[in-house]
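Let us walk through this structure step by step. Keep the sequence and the 3D view side by side.

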Amino acid sequence: MPWRSRQGRRSARRRRGAAGDRGVQLHPWSAHLGSRTRRVGPARTTSWSVGEGRRRTRENASVPLLPSIDEARAILLAAVTPLPTTDIAVTDALDLVLAEDVVAAHDVPVFANSAMDGFATRAAAAGSHLRVAGESRAGAPYPGTVAEGEAVRISTGAALPAGADGVLQLELVDDDGDAIVLGEAVTPGRNVRDAGSDLTAGTVVLRSGTRVGPAELGVAIGAGRAAVRCAQRPRVAIVTTGDELVTAGDALVPGQIHDTNGPTLAALAHRCGAEVAGVGHVGDDLEATRGVIAQALEAADLVVLAGGVSVGRHDHVKPALSDLGVRELLWRVALRPGKPTWMGERDGTLVLGLPGNPVSAYVTFLLFARPALAALQGGDPTVPRTTAALGTAVPRHPDRDECVRVRAAADGTVHPTGPQGSHVLSSLVGATALAIVPRGEGELSAGSEVVLEPV
Ligand SMILES: Nc1nc2c(c(=O)[nH]1)N[C@H]1C(S)=C(S)[C@@H](COP(=O)(O)OP(=O)(O)OC[C@H]3O[C@@H](n4cnc5c(N)ncnc54)[C@H](O)[C@@H]3O)O[C@H]1N2
Ligand code: MOO
């Protein structure tokens, strides 16, 4: 496996202290089970309340209440140790989170300049005849002072010459080369971009905690920066599991499918500002699974495993993690798709065992890996959620909150994109959000307000 070790980064993290040093409690989900376990009555089909929802069982068994999406997320986030910060070239900082305020070193624009190609003059009435005294070009300012009765040819972005009050654009000027006639009045400030009208020297232009997007990158450079202090880029190792998986483009023999989770999860990790340390695959074999996870743990700050976390005979991920000393934070969430999600931690490295169904893996990455990656970078893990009215009635799951792939219509209502099976990846295409449909009986009627998780 071509994964580089992140030994240096790990020791840097250890110097800063592990989760325990920050007084953070790791929460093995099993610790919650005592108080959250209900004994189900003797009848073969029994319904009982779980928070707002209901759960049915045909078993006379003790059934644990599973954590909700938000509870599971909180348990994971409590285990996050933010990565060390470092100075990074602004041009390499895309999608990283600032660990300092960026203060403008100077005004932007640095000098008053023209918003138009035209002529710079002192304030003058329409019809004024002016002598063209010279030119101010972008990068080559006019060296003199504009006197009464004079104009200076000027380019967009060129410095407003001393003595000039404003600019009249070419289209409004009668120009014979050496002299001009103004078609309209030049009033003070006309077509002038003042110094400091974008950024003012000495003011904070980007706050610590801001994610660097293309605009922030440009603003930091404009403010005079070549480097900014950010948390290190988190490294994510992705491992897909399953004998049935083959690489994109390979011919399929009966029983095989293409590995869509590996590349899809890698793309999601990139979008979260992570460096993908590697995308690996392992068959349904305990020893091999242990081996590849051991390498992934050395290479990454977050290990994302996909598949093999359910209860089948060939699901080796949980035993392998246990053998490797990865501490379980929780297994299973009251969520559809994504119920068998597993979370753990070892020496500050987070591990997510995502269910193998492609939509389950995608949805649980968004719900859990995305905020964890933000928190690793010292950023706000809160994903801005909005609400919308359902445009169509949606069936509810009795005991799991469901993330329904929806598309927003022009009137703002949201509609399921198509079939919602956890294998139907095509229903994510064109989805504008995940609508969180709370568990319950029957269906959630059209017009009901739902919370939207961005995709
Ligand atoms: N008896 C039970 N069976 C299952 C339960 C359960 O509670 N009891 N839960 C179901 C749910 S819900 C889910 S979700 C899946 C999760 O199972 P695993 O995480 O163990 O995933 P696999 O069995 O390995 O795969 C499930 C499904 O996804 C396909 N897959 C796996 N990896 C990939 C990949 N990289 N690219 C594309 N497709 C992939 C795989 O072929 C299976 O079809 O368990 C249910 N079963
Ligand atoms: O939870 Mo599974 O992800 O419903 O298909």
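Start at D95, in the loop between strand 5 (85-89) and strand 6. Helices (H or I, at least four residues) and strands (E, at least two) are DSSP runs, numbered from the N terminus. Phi of D95 is near 75°, a positive value in a residue other than glycine. D95 is partly exposed, because 19 other C-beta atoms lie within 10 Å. The scale runs like this: a residue is buried if 20 or more other C-beta atoms lie within 10 Å of its own, exposed if 12 or fewer, and partly exposed in between, with C-beta atoms placed from the backbone.

A word on the source. This is a predicted model, in which local features need pLDDT of at least 70, side-chain atom pairs count only at pLDDT 80 or more, and totals for chains, interfaces and linings use all residues. Residues are numbered from 1 along each chain as its sequence is written, while chains are lettered from A and ligands numbered from 1 in the order in which they are written.

Now the whole chain. It has eight helices and 32 strands. Buried residues make up 41% of its 455 residues. Among contacts between residues at least 6 apart in sequence, 70% join residues at least 24 apart.

D347 is found in the loop between strand 24 and strand 25 (349-354). D347 counts as partly exposed because it has 14 C-beta neighbours inside 10 Å.

Next come the cis peptide bonds. One joins V108 and P109, with omega about -5°. P109 sits in the loop between strand 6 (102-103) and strand 7 (113-114). Another joins R336 and P337, with omega about -10°. P337 lies in the loop between strand 23 (335-336) and strand 24 (342-346).

R336 and P337 turn up again around ligand 2. Along with them, G338, K339, P355, N357, S360 and S422 surround this ligand. A residue is near a molecule if its C-beta atom, placed from the backbone, lies within 6 Å of it. By class, the shell has two nonpolar, four polar and two charged residues. Here Ala, Val, Leu, Ile, Met, Phe, Trp, Tyr, Cys and Pro count as nonpolar, Asp, Glu, Lys and Arg as charged, and the others, Gly among them, as polar.

What surrounds ligand 1? Its shell holds 27 residues, and the closest are N261, G307, S310, P355 and G356. Strand 17 (235-241), helix 5 (261-271) and helix 8 each give two or more residues to this shell. By class, the ligand 1 shell has nine nonpolar, 14 polar and four charged residues.

Follow helix 8 to P358, which lies in it. Is P358 buried or exposed? P358 is buried, because 23 other C-beta atoms lie within 10 Å. Leaving out residues up to four places away in sequence, P358 touches T260, N261, H423 and L425. P358 and H423 are 65 residues apart in sequence, yet 5.6 Å apart in space, C-alpha to C-alpha.

Helix 8 (residues 358-376) also meets helix 3 (residues 69-77): their axes come within 10 Å and cross at roughly 35°. Those axes are lines fitted to C-alpha atoms, for helices over the stretch in contact, and angles run from 0 to 180 degrees between N-to-C directions. Helix 3 brings I69, A72, R73, L76 and L77 to the contact, and helix 8 brings L367, F368, P371, A372 and A375. By class, that makes nine nonpolar, no polar and one charged residues.

A UniProt record, an unreviewed entry, places the annotation "domain: MoaB/Mog" on residues 237-375. Such annotations may be inferred rather than shown by experiment. Over residues 237-375 the chain is 36% helix and 29% strand, and the end C-alpha atoms are 17 Å apart.

Finish at V146, in the loop between strand 9 (129-136) and strand 10 (150-154). V146 is buried, because 23 other C-beta atoms lie within 10 Å. Its contacts, not counting residues up to four places away in sequence, include A120, T121, R122, A133 and V152. V146 and R122 are 24 residues apart along the chain, and their C-alpha atoms are separated by 7.2 Å.

Definitions and conventions: Contact = placed C-beta atoms within 7 Å.
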